[in-house]
Structures are given as C-alpha cells and as structure tokens.
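Subject: Structure for you to look at

Hello,

Here is the structure for your reading. Please open it first, then go through the notes below it.

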Amino acid sequence: MKILVTGGLGFIGSHTVVELQQEGYEVVIIDNCSNASEDVLEGITAITGKRPLFEKMDLRDKADVISFFDRHSDVAGVIHFAASKAVGESVEKPLLYYENNLTTLVYLLQQLAKKKKAHFIFSSSCTVYGQADEMPITENAPVKPAESPYGNTKQIGEEIIRDTCGVSPQLQAISLRYFNPMGAHPSAEIGELPLGVPQNLVPFITQTGIGLREQLSVFGDDYPTEDGTCIRDYIHVVDLARAHVVALQRLLEGKNEENYEVFNVGTGTGSSVMEVIRSFERVSGTKLNFKVVGRRAGDVIQAYADTSLANRVLGWKAESTLDEAMRSAWKWEQKIRS
Ligand SMILES: NC(=O)c1ccc[n+]([C@@H]2O[C@H](COP(=O)([O-])OP(=O)(O)OC[C@H]3O[C@@H](n4cnc5c(N)ncnc54)[C@H](O)[C@@H]3O)[C@@H](O)[C@H]2O)c1
C-alpha cells in the first residue's frame, strides 16, 4: 500500500516514514526542503534498507499537487506534516504561515475529496488548548483563542478538515494533537535538525551541552508549579511516529467511528524544565550551563495530555521514558557534531 508523507524529510515525518516502511508500506515523500535536507533519505535508507520514493515539490503549487495525484493515483493514505512551525517567526510573518500551512492543506484535501476513498492524518498540536483549565488535558477541553498565527493555522486546519469531512463521507480523517516531541531514532541515523537557534527546549539543551551554545536560558522559575518552571509533556519522536501508523491503520481498516476524529498524542506525564535539565545531566554525565531569566511572553504554565482516548481507542501508548528520549537526543547531537 502506498502512503504519501508530506514533509517526510522533516523531524517527525522522517521517523514516521521509517515506522511505515517497517510495517511494510511503500512510502512516497513530498518535501520542498525548506526545513530539511535530502540527506535525510540516506538516514532513512540506512535504518530500513529501503529508499522511499521522493518528490521535491512545494505543496503551495496547486498544479504540482494535481499532477502528483494524477501520477500516483494508487496513494491509499496521506500523512500531512508539511508546514512552517516556528511560533516566533509566525508572529513576524503571519501571511507566510497562513499561506504555507493552509493552502497546502486545502490543495491536498481538494484532491482527496475527488477520490472514491481517502484516508488523511493531520499534524495538529496541543497549542490549540492554550492554557487549559484542567490537567491532564482531554480532547474535550475547549480550544482557546490562538496565541500566535502558527497556533491559529492548527485550529483553522482542524476546522477545514472537519468541514470537508462533513460533506465528503468518503474522506476519513484524524487530527493528532501532539504534545512536545523530542529525541531521535535510537540508531542516530535521523533526528531533529533545527536551522539556526532552536525554538524548542531539548535541542537547545543538547546544543548547549555540546558547546554550540554558551548557556540555556530558563524562562521563569516563579510559576505556580512544584519547582517554579513550566511543565510540558515530552514524547519520544519514535512513539509519536508509531501513533501515526496506528491511526492510519484504523482508517485503512475502517475501524473509525466517525469520519473525522481527534486524538491527543503525549505520554500523560508532565515534566518541568528543571526535570528535563536534570534528565540531560543524568544521561550525558555533564553539568548543563543554564541561568534563570524572566518569563517569556506567551508561555503557558503547564500542558500535559490525558492520553486515555488514544490508549483505549487506538491501542497505542507511549513507551519511552524521558531519560530514554533524552539519551537518543544526546546521541544524535553527538553524532551530527562529530
Ligand atoms: N516539532 C514539534 O514540536 C511539533 C509540535 C506539534 C505539531 N507539530 C507539527 O508537526 C508537523 C511536523 O513538524 P516537524 O517538527 O517535523 O517539522 P519540520 O520542519 O522538521 O518538518 C516539516 C517539513 O515540511 C517541509 N515543508 C514545509 N513547507 C512545505 C511545503 N510548502 N511543501 C513541501 N514541503 C514543505 C519542510 O521542508 C520540512 O521537511 C508540522 O505540521 C508541525 O506544525 C510539530
């Protein structure tokens, strides 16, 4: 069965390609390499022994998207990762984010809505919950007004899919709301490759640990949490990748109850910034240079998932501990800097 993975050279996409191939799927990747390198194909091939098909293409080009589906009419499912994801940049360049994250989605759905049967998985985010009123966060928690254009593209993206599914019963879709992906494949053949200054905590930690950055800034230690730092739900990227495979299988096997469903994908455990730093220090055996600075605008105090719906309905559960995920992130950092 052929599966299209858009953004399949990126961080989460590349790990999902590996899991799909290992389950026997044939994968075709679309990526414009705006935030990834073609070398990732070598890493994927080194793990699975099978080179995925690859089309370098910008999904903002509608004619190219149409031509792709004409040439690959046997695509049985689509996992759509391709998007711009830097929250800060989205505030500076909102139109770039609305164009890249929404037109690409619309062009894909236009093609899928023409098919007799179509299966679609969308990369959403826990950012849609904002500062949720209750922890852990269930899928029924209200979607709060977005804090950034990036967050808004995920909310609008989900609405676009829901509305399209409402009039296209042959379209079966799932949005996965990721919490905080981290880590790398245990082989260290693929991992996260942030361009410029990392936006996320873990790559900033490993880059500081390896000496690429002088110091990590911890934004605030006066939050109403046990140690005063913010709490997130860090999920190993391989666990997250596997969630895509089981979600896709649910659709392909027709086991879904509605033609549009939403699942949280996290571990269910919240870890504070200080706990993540301690995890790094444990697995690397080195002290991390960090300092506490003032709070950063827009940071929610805590966000961690209630994953019972995904556990029960998808039969999926995150397996890795924070230390295991951190060990893989550190191994990857050491490999790419060696
Ligand atoms: N990493 C996270 O913390 C996180 C959290 C929640 C949701 N997400 C979502 O998951 C998805 C994947 O995230 P990631 O961390 O792997 O990001 P990433 O930047 O590593 O991967 C995205 C890939 O899409 C490609 N791409 C972007 N625009 C494209 C276009 N117009 N045409 C073709 N290819 C294009 C990029 O080159 C890149 O390889 C994104 O939709 C992101 O918003 C990520």
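How far from an oxygen atom of the ligand does a backbone N or O atom of Gly-10 lie? The distance is 3.3 Å, which falls inside the cut-off for a polar contact (a pair of N or O atoms within 3.5 Å; within protein, one must be able to donate a hydrogen and the other to accept it, and residues adjacent in sequence count only if both atoms are side-chain atoms).

Before the rest, some ground rules. This is a predicted model, where local features need pLDDT of at least 70 and side-chain atom pairs count only at pLDDT 80 or more, while totals for chains, interfaces and linings use all residues. Residues are numbered from 1 along each chain as its sequence is written, and side-chain values use heavy atoms, with hydrogens and water left out.

A polar backbone atom of Leu-59 is 3.0 Å from a nitrogen atom of the ligand, and a polar side-chain atom of Tyr-150 lies 2.6 Å from a ligand oxygen atom. The ligand taken alone exposes 820 Å², and the protein buries 95% of that (areas by the Shrake-Rupley method with a 1.4 Å probe). Around the ligand there are 29 residues (each with a heavy atom within 4 Å of it). Asp-31, Asn-35, Lys-85, Asn-100 and Tyr-150 come nearest. Strand S5 gives the largest share of this shell, 3 residues (strands are DSSP runs of E, at least two residues; helices are runs of H or I, at least four).

The cores

The largest nonpolar core has 39 residues. Such a core is a set of buried Ala, Val, Leu, Ile, Met, Phe, Trp, Tyr and Cys residues joined through side-chain atoms within 4.5 Å; buried means under 20% relative accessible area (1.4 Å probe, protein chains only). Leu-20, Ile-121, Leu-176 and Trp-316 have the most contacts inside it. Helix H8 (237-252) is among the elements that give two or more residues to this core, and the largest share, 8 residues, comes from H8. Trp-316 touches residues including Asp-239, Arg-242 and Val-265 (heavy atoms within 4.5 Å). A second, separate core of 25 residues includes Val-75 and Phe-120.

Thr-229

Thr-229 is found in the loop between strand S8 (216-219) and strand S9 (231-232). Thr-229 is buried, because its relative accessible area is 0%. Its side chain reaches the backbone nitrogen of Met-274 at 3.3 Å.

Regards

Notes. Buried means under 20% relative accessible area, exposed over 50%, partly exposed in between (1.4 Å probe, protein chains only). Lists of a residue's contacts leave out its neighbours within four places in sequence.
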